[in-house]
Amino acid sequence: VTTFFQQLVNAVTLGSIYALLGIGISLIFGIMRLVNFAQGELVMVGAYGATIVQHRSWLIILLVTLATPIVFALAMERIAFRPIRQANDATLLVTSFAVSYLLQNVALLIFSGTPRSINLAPALDESVRAAGLVIPKLDFATVAATAVLLVALSLFLARTRLGLHMRAAAEDFTTARLLGVRANRVIAAAFAISGLLCGVAGYLQVSQTGQVFPTMGLDSILVAFIATTLGGLGSLPGAVAGGYLLGVISAFMGGYLPSNLSVYSDAFAYLFVIIVLITRPAGLITPRTARSRV
Amino acid sequence: MNRRPVIRGLSVFVVLSVLISVAALWYGPASLTLQTTLAQALIYVVATVGFYVFVGNSGVFSFGQVSFMTVGAYVGGLLAITPANKATAQPGMPAFLISAHTSPYLACLIGGLAAGVAALILSVPLIRLSGIAASLTSFAVLQVVYVVTANWGAVTNGESGLAGIPLLGNVTELWITAIAAIAIALLFQQSRWGRRLVASREDDAAARALGIGVHRERRIAFVLSAFIMGIAGAFEAELLGALVPETLYITATTQILIMLVVGGTTSLSGAVTGSLFISLVTELLRRVQAGTDFLGLNIKGPVGIQQVGLAVIMLLTLLLLPKGITASREFTFLAAPFDRLIRRRSRPQPDDPGGGYDVSESPVAKLNSPLQSISQPSILCRSCHDHRADHRGCPDWNPRHLPVEQDSAPSAPGGAGPCPCFRHSRRLRAHRAPWHRRGHPQAQSDRVLAGQQRRSLPRGHAGHPGALRRCAARRRAGSDQAPGQRLYRDRPRCPTASPQRHLGDTHRRRYQRGRPRHAARRR
């Protein structure tokens with residue numbers, strides 16, 4: 001039973017990070033039907049930003065880790081995605097693939113391929129022992145940060161004018177524009193939010209793994225993908241649910257699969273994605289706006 | 001018989017073969033590193049052509065096609081390694097795999113076939129998906145194949161991979177393979193399956209509505225693409241002599257994707273040009289990275305400049321030349337003189353209204369004759385069913401001509417009789433002159449000349465612009481004004497009501513007197 005609860009703690013922690021990454025993808029997909037491959041690289045630039053200022057105070061590190069992805073997200077929107085906003089889904093996808101490849105290799109060029117270790121939050125290293133469970137303080141911080149961000153995001157979407165515009169744009173972009181929603185502003189805001197979420201996710205992820213390397217974005221983008229497609233592309237509650245579902249699946253597969261099968265746990269996760277996509281191509285929770293119209 | 005598609009296809013084939021042969025003939029005198037680069041370029045040509053067969057023709061961006069290269073590479077590699085080497089390197093391998101051994105080139109072919117079979121099996125669940133879902137699923141397939149090859153120790157030897165694969169001796173087989181791949185891709189895209197697939201790429205809903213079984217066409221392309229990519233993968237294994245799972249993973253996917261996108265996604269010429277161009281650029285960047293003498297200057301770029309350069313090229317292509325450096329056109333320029341010859345020969349003569357095309361024999365003519373109109377079906381399928389012979393003389397024939405409900409086209413004054421092609425047989429208004437229709441043999445330039453010709457008609461003629469206007473006005477006046485069209489309830493109803501017309505000067509004088517020009521805007 002203790003193992004089960006220990007795995008549950010792991011699942012919730014993992015799921016929180018996955019949910020943050022998934023929301024970023026889902027938010028942008030809802031508005032401009034772009035699956036942003038380059039989002040993983042936002043995590044990576046945030047992490048490298050932290051390595052540059054790693055000897056300063058923790059506040060500066062945190063601010064840099066959060067601000068760098070936002071700047072990069074806004075830049076990639078302005079430079080790469082705005083000119084081809086009218087293109088079809090496939091072109092957008094390939095463009096984001098190209099942006100991701102570019103950022104990855106620029107990082108390789110500047111920082112070289114060897115991983116750098118960094119301890120972002122030494123204060124959170126200790127663990128709390130309670131009822132036979134060992135829970136690192138970092139896990140509490142992860143879950144708390146995710147909860148705060150989710151509440152803040154839902155308040156932002158529900159209560160502010162820009163949030164209303166964003167929801168309107170996700171529902172029907174053309175009509176929203178006709179009614180006076182500024183396309184550039186809404187999309188830039190969506191990119192900025194996804195950059196912020198990536199920054200937080202990157203901060204938490206690097207605090208846990210302690211490693212920074214150029215292709216680290218790939219792992220996070222892949223899990224974010226799985227989370228969003230499981231939950232339903234373009235649906236924010238779906239992305240959160242998908243993130244936690246994926247967290248549960250990967251934590252329990254890591255914990256309970258026999259060792260000769262556990263090396264294939266990634267393959268099982270992807271197999272699960274394939275099955276979900278085949279049976280429900282729009283994801284488990286399909287928002288009304290994501291249904292394809294002829 | 002219409003020979004134009006054949007001649008164009010031959011032109012594309014000849015041009016691309018020459019491009020390939022230049023790369024292949026350069027192999028002999030080249031240095032050893034350059035030889036590897038050239039062989040690698042030819043393999044990339046094969047792989048990109050295979051990638052194009054599915055992605056270019058169907059418009060579905062599948063990121064998982066490289067996993068078929070993996071299948072081909074492992075099957076081909078395992079067959080090519082000698083049993084003795086296999087037994088020492090991988091003692092845990094099943095006995096029948098250890099004993100299986102063929103010549104390297106047969107191994108490539110079998111690798112391709114294995115990839116094709118894998119694609120056939122995978123296509124059962126996957127082929128229904130399109131758009132984003134298809135891209136993501138195929139990406140997941142790539143991941144699954146990667147994880148399996150990286151961990152299946154007994155067969156693939158896990159992360160350490162295969163070693164001792166016999167090396168390619170020379171480039172001849174690769175050259176032949178590349179040309180054969182181009183020929184297969186060309187034949188496929190000129191075949192009825194290929195054309196139907198292209199129709200579904202252009203407009204999926206319309207293609208389905210016209211009875212094209214999109215899934216079947218996609219499956220054919222998918223399997224064919226996997227076959228070609230599998231062969232490319234096996235050659236890759238034999239070029240490198242060793243194989244690890246990372247060889248054919250995301251980097252290779254990106255490389256092939258860049259080649260296709262930069263060359264031009266929807267043309268075979270683009271696929272071949274793109275792969276050769278990117279190979280060239282890669283080699284140049286590699287030399288810069290390694291340090292090279294250029295005009296007395298020693299240029300040495302930092303490590304990673306190669307990938308960054310490729311990424312920049314791809315991004316710039318996507319932003320500035322969305323159709324690629326070939327503008328997604330085929331190299332049909334060799335066919336141009338023949339085209340002109342054929343077009344001159346098939347220009348309509350006074351005694352030959354169909355322009356080389358026998359009007360009285362056409363299915364449309366048969367449909368129009370009262371006796372047969374009942375017994376004949378009213379749906380004709382041209383490019384998909386077996387009526388292909390019937391539109392061969394038509395100069396407007398192209399693969400987008402799909403089954404269409406036939407109306408009796410009005411007999412044209414002084415023009416060609418009913419032509420069975422798509423545009424000519426649409427429901428035509430009687431007042432339209434036949435040469436107004438796009439693509440008609442007499443309409444040299446679609447709109448401008450049609451307008452001139454119509455103005456040159458006698459005034460009373462139904463095709464004259466004035467008659468067209470009068471007809472439109474009558475039609476509008478005769479129909480009930482829709483509630484939304486009646487803009488001003490306190491004014492008399494406009495007899496030729498349409499919202500735009502109200503803003504015309506005449507109408508404003510007549511129906512909107514007293515209201516200043518800008519008043520409407522201020523409301």
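Student: What do the residues lining the largest cavity divide into?
Tutor: They split into 9 nonpolar, 5 polar and 1 charged. Ala, Val, Leu, Ile, Met, Phe, Trp, Tyr, Cys and Pro count as nonpolar, Asp, Glu, Lys and Arg as charged, and the others as polar.

Student: Before we go on, what am I looking at?
Tutor: A predicted model: local features need pLDDT of at least 70, side-chain atom pairs need pLDDT 80 or more, and totals for chains, interfaces and linings use all residues. Residues are numbered from 1 along each chain, chains are lettered from A and ligands numbered from 1 in written order, and side-chain values use heavy atoms, without hydrogens or water.

Student: OK. How many residues line the largest cavity, and which lie nearest its centre?
Tutor: 15 residues line it, and B:S62, B:L126, B:A134, B:S138 and B:F222 lie nearest the centre. A cavity is a set of points on a 1 Å grid where a 1.4 Å probe fits but cannot get out, and lining residues have an atom within 4 Å of a point.

Student: Which elements give two or more residues to that lining?
Tutor: α7 (131-151) and α12 (214-240) of chain B. α7(B) gives the largest share, 4 residues. Helices here are DSSP runs (H or I, at least four residues), numbered from the N terminus.

Student: What volume does the largest cavity have?
Tutor: About 160 Å³. The volume is the space filled by probe spheres set on the points. The whole structure has 4 cavities of 30 Å³ or more.

Student: Where do A:F37 and A:F97 sit in the chain?
Tutor: A:F37 is in the loop between α1 and α2 (39-52) of chain A, and A:F97 is in helix α4 of chain A, 60 residues apart.

Student: Does A:F37 count as buried or exposed?
Tutor: Buried, because its relative accessibility is 4%; the cut-off is under 20% for buried and over 50% for exposed, with a 1.4 Å probe and protein chains only. A:F97, at 5%, counts as buried too.

Student: What about B:F63 and B:F139?
Tutor: Their pair is edge-to-face, at 5.9 Å centre to centre and 85° between the planes. B:F63 lies in the loop between α2 and α3 (66-80) of chain B and B:F139 in helix α7 of chain B, so the pair ties together parts 76 residues apart in sequence. B:F63 is buried at 1% relative accessibility, and B:F139 is buried at 4%.

Student: What do ring pairs link A:F37, A:F97, B:F63 and B:F139 into?
Tutor: A cluster.

Terms used:
On a 1 Å grid over the protein atoms alone, a cavity is a set of points where a 1.4 Å probe fits but cannot get out, and a pocket is an open set with protein on both sides within 12 Å along at least five of seven lines; lining residues have an atom within 4 Å of a point. Rings of Phe, Tyr and Trp (its six-membered ring) pair if their centres lie within 6.5 Å; planes under 30 degrees apart count as stacked, over 60 as edge-to-face and the rest as tilted.
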